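Let us walk through this structure together, one region at a time. Please have the sequence and the 3D view open as you read.

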Amino acid sequence: MYGKMKDYLSKTISEIKEAGLYKEERLIESQQQAHISVKGKDVLNFCANNYLGLSNHPRLIQAAKDMMDRRGYGMSSVRFICGTQDIHKQLEAAISDYFKTEDTILYAACFDANGGVFEPLFTEEDAIISDSLNHASIIDGVRLCKAKRYRYANANMEELEKCLKEAQAQRFRIIVTDGVFSMDGNVAPIDKICDLAEKYDALVMVDESHSAGVVGKTGHGVSELYGTYGRVDIYTGTLGKSFGGAMGGFTTGRKEIIELLRQRSRPYLFSNSVAPAVIGASLEVFKMLKESNEIHDTLVENVEYFRNKMLAAGFDIKPTQSAICAVMLYDAKLSQVYAAKMFDEGIYVTGFYYPVVPKGEARIRVQISAGHKKEDLDKCVNAFIKVGKELGVLK
């Protein structure tokens, strides 16, 4: 049988390559930071989710080492058997404090958090109303649930209201959205979403993966940005982006929701507990973010500086309120060629194209970090201009 399947797989892989959609993986030979080594070449990294520049911070590395000395390397168990240490509860409390919520549950990743939140809470009697640009993990989580599904165009409040009117036929309703949409960099209008939720008696859930640590006056996410504390029922998020960039995810929100997830959420019940080293470093992150807002301020300055320079140069950039700047090219092959030429200039970026983004919407997604210096940003902009002129993107 595999001989037949092998032919099919080989043909499919060849078609992906011919279409210019094949994804190559470059090997990084250094720590994750602004300057990285790839195949012995020093390049500036502009495609990591390392928004606060903490992925190799000395305090986090030391905290991880110290926690391994105190609590060991791995848990070798799920939480409800013998996988819960005191430090897991401490981190859950720190996350609750950060988001101003009642309780938190940890997962191995945010993909698991989103995959495990819907099925325990909703049945075929209920409705899930989802933004069209929500992350794949939300889409997969919804698929695991028998609730009726509605979808509205990205951040379109008229379509959302229409869905809410139709969903009055169901028992419970929940509106689900990314806080920051990872491919465009725009922020969901959570204040308007909450207004509609209250008007039509619905819950609200926000995935904070690309917004926590980034948006809001002090980077505390969409509820800080829009003043919606107490109006959002569920937040999910990751420890793998702003908060140190390792592994781990979480769901935080109403205490009864979190309590039921501990009883019935399958990714939580059947996955190993988050490792002590990750817990130790994550606790240090939240401690650092309480001490000062300097890192977030640097990120905001860097994003504004880079975006203004790119717009002045004539690039087509999606409107953004986050650390994501989508430089639109529209052609899949062009995005790959552009990214390759940028690498030759010492800038590591990645072209995104279908199926990661819609057909005809190819772009290079630039992700700014607090770890970037002004000279790093200037070098990136200058490389974009040089390559843009070579490829006819800029006149």
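A residue is called buried when its relative accessible area is under 20%, exposed when it is over 50%, and partly exposed in between, with a 1.4 Å probe and protein chains only. What you are looking at is a predicted model, where local features need pLDDT of at least 70, side-chain atom pairs count only at pLDDT 80 or more, and totals for chains, interfaces and linings use all residues. Residues are numbered from 1 along each chain as its sequence is written, and side-chain values use heavy atoms, with hydrogens and water left out.

Glycine 72, by comparison, sits 35 residues from tyrosine 107 in sequence and 19 Å from it in space, C-alpha to C-alpha.

Tyrosine 107 belongs to strand β3. Helices (H or I, at least four residues) and strands (E, at least two) are DSSP runs, numbered from the N terminus. Two strands pair if DSSP finds at least two bridges between them; β3 pairs with strand β9 (residues 249-253) in the antiparallel sense, over 5 bridges. Within this pairing, isoleucine 105 stands opposite threonine 251 of β9.

Next, look for an open sheet of 3 strands, with the order β1-β2-β11 and mixed pairing. The edges are β1 (35-38) and β11 (347-348), each with a single partner strand, so one side of each has no neighbour in the sheet. Strand β2 (residues 41-45) pairs with β11 in the parallel sense over 2 bridges, and leucine 44 has isoleucine 347 in β11 as its bridge partner.

Now for the interior. A nonpolar core is a set of buried Ala, Val, Leu, Ile, Met, Phe, Trp, Tyr and Cys residues joined through side-chain atoms within 4.5 Å. The largest one has 84 residues, and Phe243, Phe306, Val366 and Phe384 have the most contacts inside it. Helix α12 (residues 276-291) gives the most to this core, with 9 residues. A second, separate core of 21 residues includes Ala113, Val117, Phe122 and Ile128.

Finally, the pockets. On a 1 Å grid over the protein atoms alone, a pocket is an open set of points with protein on both sides within 12 Å along at least five of seven lines, and lining residues have an atom within 4 Å of a point. The largest pocket holds about 960 Å³ of space. It has 45 lining residues, and Leu133, Asn134, His135, Ala136 and Ile139 are the closest to its centre. Helix α6 gives the most to this lining, with 5 residues. Counting Ala, Val, Leu, Ile, Met, Phe, Trp, Tyr, Cys and Pro as nonpolar, Asp, Glu, Lys and Arg as charged, and the others, Gly among them, as polar, the lining divides into 20 nonpolar, 13 polar and 12 charged residues.

The second largest pocket has a volume of about 740 Å³, where a volume is the space filled by probe spheres set on the grid points, joined across faces, edges and corners. Of its 23 lining residues, Lys23, Glu24, Tyr348, Thr350 and Gly351 lie nearest the centre.

Methods:
On a 1 Å grid over the protein atoms alone, a cavity is a set of points where a 1.4 Å probe fits but cannot get out, and a pocket is an open set with protein on both sides within 12 Å along at least five of seven lines; lining residues have an atom within 4 Å of a point.
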